[in-house]
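Here are a few friendly notes to read with the model open beside you. Please take them in any order you like.

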Amino acid sequence: MMLKYISAADRHHAAPAAWLNSYFLFSFADYFDRDNLHFGPLRVFNDDSVAAQSGFPQHPHSEMEIVTLVLEGEIQHQDTMGNKTTIKAGEVQRMTAGTGLAHSEFNRQDKPLHLYQLWFIPGQKGLAPSYEQKDIGFISGNKNELVPLVTGQKVLEDVVYMNSNSTVYWANLDCDKEIQFKTFPIRLTFIYVKEGVIFVNGTELGPNDQARMTGDDVVQIRASKDAQFILIDLPASEANY
């Protein structure tokens with residue numbers, strides 16, 4: 001069993017435009033670290049803040065599962081599949097880029113937008129582009145349990161589907177409460193804390209800290225301060241992506 005702790009200060013900070021403030025958890029754009037390319041099929045995890053009345057103009061993607069979780073504010077999405085949608089806090093969006101698409105993302109509000117964007121290497125290439133969006137209300141929803149937001153494991157129902165043998169969970173964990181996540185040594189577990197303080201198998205994580213775990217059977221999580229965090233269950237072998 002191994003837990004790799006990465007502090008908030010060790011994230012890569014990028015501010016490529018006056019309206020965008022980002023933290024990259026993996027190599028992305030002009031940040032390249034050969035030892036930090038991906039964790040299983042999790043290829044990108046960006047923690048983005050977008051200023052009011054700003055956003056990303058249309059740009060292309062291919063061969064990637066793109067998951068957007070809106071934490072604060074809302075984002076207007078438009079793509080070459082014909083989708084024109086608004087994604088609000090607590091909602092989950094998944095795009096299968098597949099053989100290719102382009103999209104734009106804008107904050108049309110007068111307040112900042114905070115989101116996580118995750119990219120997963122798909123289990124299959126050459127898929128037709130597709131789109132799904134769901135209001136899960138995860139920011140202020142269920143307490144003291146792991147809530148699945150998006151998954152490629154079909155045993156979970158009423159969850160956004162993606163083409164990756166992975167599941168993204170969210171937790172709102174009250175102080176002194178515990179969660180146990182059962183896993184397998186052939187799986188990986190990734191945790192990123194939005195706020196509060198948790199202990200993961202005895203290791204303390206604060207806001208914007210992360211843990212990358214391999215070879216575990218059980219992940220024990222206890223909050224020493226009211227906390228919100230994301231947990232991602234991933235396959236360890238590329239053959240199982």
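The points below go from the whole chain to one residue.

1. First, some ground rules. This is a predicted model, in which local features need pLDDT of at least 70 and side-chain atom pairs count only at pLDDT 80 or more, while totals for chains, interfaces and linings use all residues. Residues are numbered from 1 along each chain as its sequence is written, and side-chain values use heavy atoms, leaving out hydrogens and water.

2. On secondary structure, the chain has 20 strands and 0 helices. Both are DSSP runs numbered from the N terminus (helices: H or I, at least four residues; strands: E, at least two).

3. Along the principal axes, the C-alpha atoms fill a box of roughly 45 × 40 × 35 Å.

4. On burial, 51% of the 241 residues count as buried. Buried means under 20% relative accessible area, exposed over 50%, and partly exposed in between (1.4 Å probe, protein chains only).

5. Now look at Gln 76, in strand E7 (residues 74-79). Gln 76 counts as partly exposed because its relative accessibility is 35%. Leaving aside residues up to four places away in sequence, Gln 76 touches Thr 85, Thr 86, Ser 104, Glu 105, Phe 106 and Arg 108; contact means heavy atoms within 4.5 Å.
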